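Open the model in your viewer and keep the selection tool at hand. The stops below say what to select and what is there.

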Amino acid sequence: TLSCSPREAVVSTQSTGTVRELTEEEVESRDISEIVLPLPGYDITLPGNQCSTMYTELLTEEGMTMEDFSGSTGKEFNTSGVYRNMVVKPLEFDCQVLRYSNEMEKLLETDLDRVTGRSFKPTNEGQRTALHLTFSLPKSCYATMLLREISRGRIE
């Protein structure tokens, strides 16, 4: 459940590609994966919340304003901006636990095995454990962030 008042969260309407602020009545019924955050640019509407205040303060510290992204200070700042989802749920997620003994042991069939017709049968036995994950993420989303969240930051 989101905890915010009106104008605290911005939601993306995927079907129309529009972005708008949530009303207080909508906050409880929205999924967090629908909430977007703005990356600054001349075509971005900042929400009326602390996000807007933070962007304004950071830009002020750098001697800039949101209008500077329209190219008035040079080509390098000519950017329209974009909205990014705060949380992205992976698609086609699957997880398989594999057991093995030797660190050099092959755990999965490779494309080369398939192309050359080599048979592969994993032993799936041993004192060591591996996790085989398959998933799909939209563009601008990073698998390393998903792995960090799954492992709670402990990858050895």
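A nonpolar core is a set of buried Ala, Val, Leu, Ile, Met, Phe, Trp, Tyr and Cys residues joined through side-chain atoms within 4.5 Å. Buried means under 20% relative accessible area, exposed means over 50%, and partly exposed lies in between (1.4 Å probe, protein chains only).

This is a predicted model, in which local features need pLDDT of at least 70, side-chain atom pairs count only at pLDDT 80 or more, and totals for chains, interfaces and linings use all residues. Residues are numbered from 1 along each chain as its sequence is written, and side-chain values use heavy atoms, with hydrogens and water left out.

**Confidence**

Colour the model by pLDDT, the predictor's confidence in each residue, from 0 to 100. The protein has a mean pLDDT of 80, with 83% of its residues at 70 or more. Now select residues 1-8, where the pLDDT is below 50. Beyond near neighbours in sequence, this stretch has 17 contacts in the model (a contact means heavy atoms within 4.5 Å).

**The core**

Next select Ile-44, Leu-46, Cys-51, Tyr-55, Leu-59, Met-64, Met-66 and Phe-69: these eight residues form the largest nonpolar core. In soluble globular proteins, nonpolar side chains tend to be buried together. Centre the view on Leu-59. Which residues does Leu-59 contact, leaving aside its neighbours within four places in sequence? They are Met-64, Thr-65, Met-66 and Phe-69.

**Salt bridges**

The whole structure has eight salt bridges, each a side-chain nitrogen of Lys or Arg within 4 Å of a carboxyl oxygen of Asp or Glu. Side chains of opposite charge can pair when their charged atoms come close.

Select Arg-114, which is partly exposed at 48% relative accessibility. Another joins Arg-114 to Asp-111, with the closest N and O atoms 2.6 Å apart. Asp-111 counts as exposed because its relative accessibility is 56%. Both Arg-114 and Asp-111 lie in helix 3 (residues 111-116), three residues apart, about one turn of the helix. Helices (H or I, at least four residues) are DSSP runs, numbered from the N terminus.

Move on to Arg-148 and Glu-149, whose side chains meet in a salt bridge of 2.8 Å, N to O. Arg-148 is partly exposed at 41%, and Glu-149 is partly exposed at 45%.

Terms used
Helices (H or I, at least four residues) and strands (E, at least two) are DSSP runs, numbered from the N terminus.
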